[in-house]
Amino acid sequence: MAARLFSAALLASGLPAAVAWGAMGHEAVAYVATNFVASSTKTYFQTLLADTSANYLASVAAWADSYRSTTAGKFSAPFHYIDANDNPPSSCSVEYSRDCGSGGCVVSAIANYTSRMLTSSLSTSEKQIAAKMLIHFIGDIGQPLHCENLDVGGNDIDVTFNGGSTNLHAVWDSSIPEAISGGSSLTSAKSWATTLTTSINSGSYKSLAAGWVSGLSITSAQATALVWAQESNADVCSTVLAKGVTWVEDNDLSGSYTTTATPVVNLQIAKQGYRLAKWLDAIAAAV
């Protein structure tokens, strides 16, 4: 609930809320997905989104963050996370009934917008919104602190990165991803995605990719998304806050912390990009 109140306060003040992975991270997820969708899926979504360029997914990957800052879209603020009321680093867990509030959460949002994509009576404009939401939320759910309630998903944990003051959530949203990719541009996202795609096709992720989508079901979207949230949340205990809140507050996180976090961030971006591709394939095959 704390994260919901935080987002509401930010919306009321006109200040931007923290966004999972930042735009560049979302674009990287989208580019990974672009590299793995079936040709028929590509055609379907390029037509739906009225964009025949190679950026058809990446160009809308951060749209949901802009939308939630509008009057029309403020209802969607809670859809970007699920508030795991656990106790990191000693215990991490996500329970849908406990953690997904009455305003919704990222797990329910993925289920809802998947259902909307499969509803034949929906207008093209409504399906465009549903597609943009899914492209974004399947990225969001891979950011560990979007599956955590402690200190507003880390927003209230003040830390230092490369000598500058920031917060833990922002470090995971942008600082570490940009340190990995070398920048914050669309070009950086595409380059990063190319590296991750190679790892999936022929590198360290090749043996893992099938497991990432095992049990994936658009007809059991809530259950599938909950598993993804639980995986991300586990990283809060194992990596994000493995040494506790005091440690991250007292140390510059651009050094050994980022070195430790890098394989986790790479894995989450690759995993959610691959899952997004298979999710969109399933939707395109069903409509």
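Analyst: Start with the bonded cysteines: numbered in sequence order, they pair 1-4, 2-3. The model is predicted, so local features need pLDDT of at least 70, side-chain atom pairs count only at pLDDT 80 or more, and totals for chains, interfaces and linings use all residues. Residues are numbered from 1 along each chain as its sequence is written, and side-chain values use heavy atoms, with hydrogens and water left out.

A disulfide here is a pair of cysteine sulfur atoms within 2.5 Å. Such a link is a covalent bond between the sulfur atoms of two cysteines. By the distance rule, there are two disulfides.

Take cysteine 92 and cysteine 237 first. Their sulfurs are 2.1 Å apart, and a disulfide joins them. The torsion about this S-S bond is about 95 degrees, so the link is right-handed. Cysteine 92 sits in the loop between helix 4 (63–67) and helix 5 (96–99), while cysteine 237 is in helix 11 (residues 221–240), so the bond ties together parts 145 residues apart in sequence. Helices (H or I, at least four residues) and strands (E, at least two) are DSSP runs, numbered from the N terminus. Cysteine 92 is partly exposed, at 24% relative accessibility. Cysteine 237 is buried, at 15%. Buried means under 20% relative accessible area, exposed over 50%, and partly exposed in between (1.4 Å probe, protein chains only).

Now the other link. Cysteine 100 is joined to cysteine 105, with an S to S distance of 2.2 Å. This bond is left-handed, at -100 degrees. Cysteine 100 is buried at 12% relative accessibility. Cysteine 105 is buried too, at 0%.

Cysteine 147 is buried, with a relative accessible area of 0%.

Next, the nonpolar core. The term covers a set of buried Ala, Val, Leu, Ile, Met, Phe, Trp, Tyr and Cys residues joined through side-chain atoms within 4.5 Å. The largest such core has 82 residues, and Leu168 and Trp172 have the most contacts inside it. Helix 13 (residues 256–286) gives the most to this core, with 13 residues. In soluble globular proteins, nonpolar side chains tend to be buried together.

A contact means heavy atoms within 4.5 Å. Beyond neighbours within four places in sequence, tryptophan 172 contacts residues including Trp21, Pro144, Tyr257 and Val264.

Aspartate 151 lies in the loop between helix 7 (124–140) and strand 1 (158–161). Aspartate 151 is partly exposed, at 31%. Not counting residues up to four places away, aspartate 151 touches Asp156, Ile157 and Val245.

On to strand 1. Strand 1 pairs with strand 2 (residues 164–167) in the antiparallel sense, over four bridges. Pairing requires at least two bridges found by DSSP. Phenylalanine 161 has glycine 164 as its bridge partner in strand 2. Two residues separate the strands of this hairpin, where asparagine 162 takes a positive phi near 55 degrees.

Last, the rings. The whole structure has 13 aromatic pairs. Tyrosine 67 and phenylalanine 75 have ring centres 6.1 Å apart and planes at 85 degrees, so they are edge-to-face. Tryptophan 228 and tryptophan 279 have centres 5.3 Å apart and planes at 65 degrees, so this pair is edge-to-face as well. The tryptophans link distant parts of the chain: tryptophan 228 is in helix 11 and tryptophan 279 in helix 13, 51 residues apart. Both tryptophans are buried. Rings of Phe, Tyr and Trp (its six-membered ring) pair if their centres lie within 6.5 Å; planes under 30 degrees apart count as stacked, over 60 as edge-to-face and the rest as tilted.
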